[in-house]
Amino acid sequence: MRFQLTGNGAARGMALGRARLEQPSRYLVDERPLAAEDVAAELERLDRALALARAELAALREKLHGVLAREVGDFIDAHSMILADRELTAGLADLVRIGRYRASAALKMQRDRIVAVFEAMDDPYLRSRKEDIDHVIGRVQAALVRESSAEERKLAARVGEILVSDTVAPSELVHLAEHGVLGVVLTSGSPLSHSAILARSLRLPMIVAAHEALAHIQDDDLILIDGEHGEVVVHPTAQDIARYRSWQREVVQRGKILALLRDADTRTRDGVPIHLYANAELPADIAQARACGAAGVGLYRTEFLFLQRKEIPGEGEQFLAYRDLVLGMGGLPVTIRTLDLGADKADSTGIVLDDEDNPALGVRGVRLSLRRPQLMITQLRAILRASNYGPVRVLVPMVASAEEMASVRHLLNECARDLRTAGYEIADHIELGAMIEVPAAAIALPGMIKKLDFIAIGTNDLVQYTLAVDRNNDQLANLYDPLHPAVLTLLAQTIATAARAGRQVTLCGEMAGDVRYTALLLALGLTEFSMHPGLLLEVREAVNAFDRSQLIDHAKPLLRAVTREGILHVLERMKACSNAVAPAITTT
Ligand code: PEP
Ligand code: MG
């Protein structure tokens, strides 16, 4: 029988396919008692999972060098010791042999027992170590799941399926897209997570925060998903399928209209040129950026090079990636952002520690790079070498202070000097800019702008940090509001500060590619936007329909408004500054 579930749209597009459920490990605790004849096999499964978890830790330990080895090594050693603990393993075996628990249930029992002991301790430090137990047990559970889900993994290679899961890591997404998965439905997550950004790059329709999905959808159910409106239709009717077909036809039609804008200028009706750059992370983004007439790459997220792999890419490998990017853009400017790992952009190379209490406020972006100077030096050298092939700028994420930028500038100068001494040809001058995404940087900008060559506003994070609302927390989605007066004030001040100092300012958060915000950003004086290339033509269409000077007249009332309603009211009036026949299309 047909039924419908809702979530939040995270990557546009519709998909029709069979559901493939990936149960999160916590649901995989199988509580059914074990039959006597299965005990031996279950003990073997448990042993294999323990061995796998030990081997993974040992491999991780081996990969660590230098500072990293000192910092992370102790933590890995502690986990290895827990795994080697005879009491733990003997206890597990007893639970299986005598208690007839399955391996996953035995692990859960042991975890609960040990944690209860830790929690009863007086020493707060020891009490906090219960997290180590969770990490270790989690690792063994994951090893068990990997073993039991061989069948599922085969399914992953089947074309025409829609993944239904609680969460998905960015690195897994690429794998899924490559294997013909048509779309993704998650029970948690937000449209601003890195996975969602990547799904848009991969053109993989995605719905997040569809809380009921795992409880109500069965493997192999036919489902129709709408990544724009956040809808999942289970057992679609002929009528639903007709709607899907008509969406497919519309995509083709709309594509033809937008294609006419590929070679058009981006200029407001009153003749002000606006520059639209592309955000990129995959090679396909570069091709699309060129195809839709982007003015260059405004944000190249280098994290992609570090995801999906076990070791840190070296200077040579990074150089080739950056050089190809620069060559691919055929002489147009390219802004390469230094590594922004941390928070939800965890990697598999072991650079990021996964035990921070508040990862979004932790060691991410430039903080991570400055703590591991060798990482940053390798990256800066690779970028500098690529600068010989076309115009390149360096952008630094998560900056909070002038000192951080001074440290990066120092490293950049040293790298340039060393490369020249070693005989490399590099550009005479490389512009260095900061992402303005931490409120401290926005507020202190007047004092630091002179030391920066350009800035890029990262609204995805600026909104999260200004409003103290985790961008990945679906419970808070309604509080994540780019139209909050505090955000608008910071945006207006940042754009004005840059203009006064004669510095270029680009906005490269998701707001830039969302036509609902185009008028607002033009009214605040923004002339450089950077967005996913798939959205560029829509934004060009919207920009070209607006009269900028009329929009600017609305800036004062906009910034004076104190409620969301008041702000929406001004935005409504701004629509009259456009001569577009059709209302602007809404995007996710
Ligand atoms: C941002 O924060 O707006 C941004 C562009 O960076 P990211 O989404 O990669 O954090
Ligand atoms: Mg950011």
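## Helices H16 and H17

Met376, Ile377, Leu380, Arg381, Leu384 and Arg385 of H16 are in contact with Val408, Leu411, Leu412, Cys415, Ala416, Asp418 and Leu419 of H17, contact being heavy atoms within 4.5 Å. By class, the residues of this contact are 10 nonpolar, no polar and three charged; Ala, Val, Leu, Ile, Met, Phe, Trp, Tyr, Cys and Pro count as nonpolar, Asp, Glu, Lys and Arg as charged, and the others, Gly among them, as polar.

H16 covers residues 373-386 and H17 residues 402-421, and the two pack at about 55 degrees with their axes 9 Å apart. H16 is therefore oblique to H17 (under 35 degrees is roughly parallel, over 145 roughly antiparallel, 65 to 115 roughly perpendicular, and the rest oblique). Axes are lines fitted to C-alpha atoms, for helices over the stretch in contact, with angles from 0 to 180 degrees between N-to-C directions.

## Basis of the model

The model is predicted: local features need pLDDT of at least 70, side-chain atom pairs count only at pLDDT 80 or more, and totals for chains, interfaces and linings use all residues. Residues are numbered from 1 along each chain as its sequence is written, chains are lettered from A and ligands numbered from 1 in the order in which they are written, and side-chain values use heavy atoms, without hydrogens and water.

## The chain as a whole

The protein chain has 26 helices and 16 strands, taken as DSSP runs (H or I, at least four residues, for helices; E, at least two, for strands) numbered from the N terminus. Of its 588 residues, 51% count as buried, meaning under 20% relative accessible area, with exposed over 50% and partly exposed in between (1.4 Å probe, protein chains only). Among contacts between residues at least 6 apart in sequence, 71% join residues at least 24 apart.

## The magnesium site

Glu437 (OE) and Asp461 (OD) coordinate the magnesium ion, ligand 2, at 2.0 to 2.1 Å. Glu437 lies in the loop between strand S13 (431-436) and helix H18 (439-443), and Asp461, 24 residues apart from it, in helix H20 (residues 459-467). Donors are N, O and S atoms within 2.8 Å of the metal (3.2 Å for Na, K and Ca); water is not among the atoms, so sites may look incomplete. Glu437 is buried at 2% relative accessibility, and Asp461 is buried with a relative accessible area of 2%.

## Helices H20 and H21

H20 and helix H21 (residues 485-501) have axes that come within 10 Å and cross at roughly 130 degrees, so H20 is oblique to H21.
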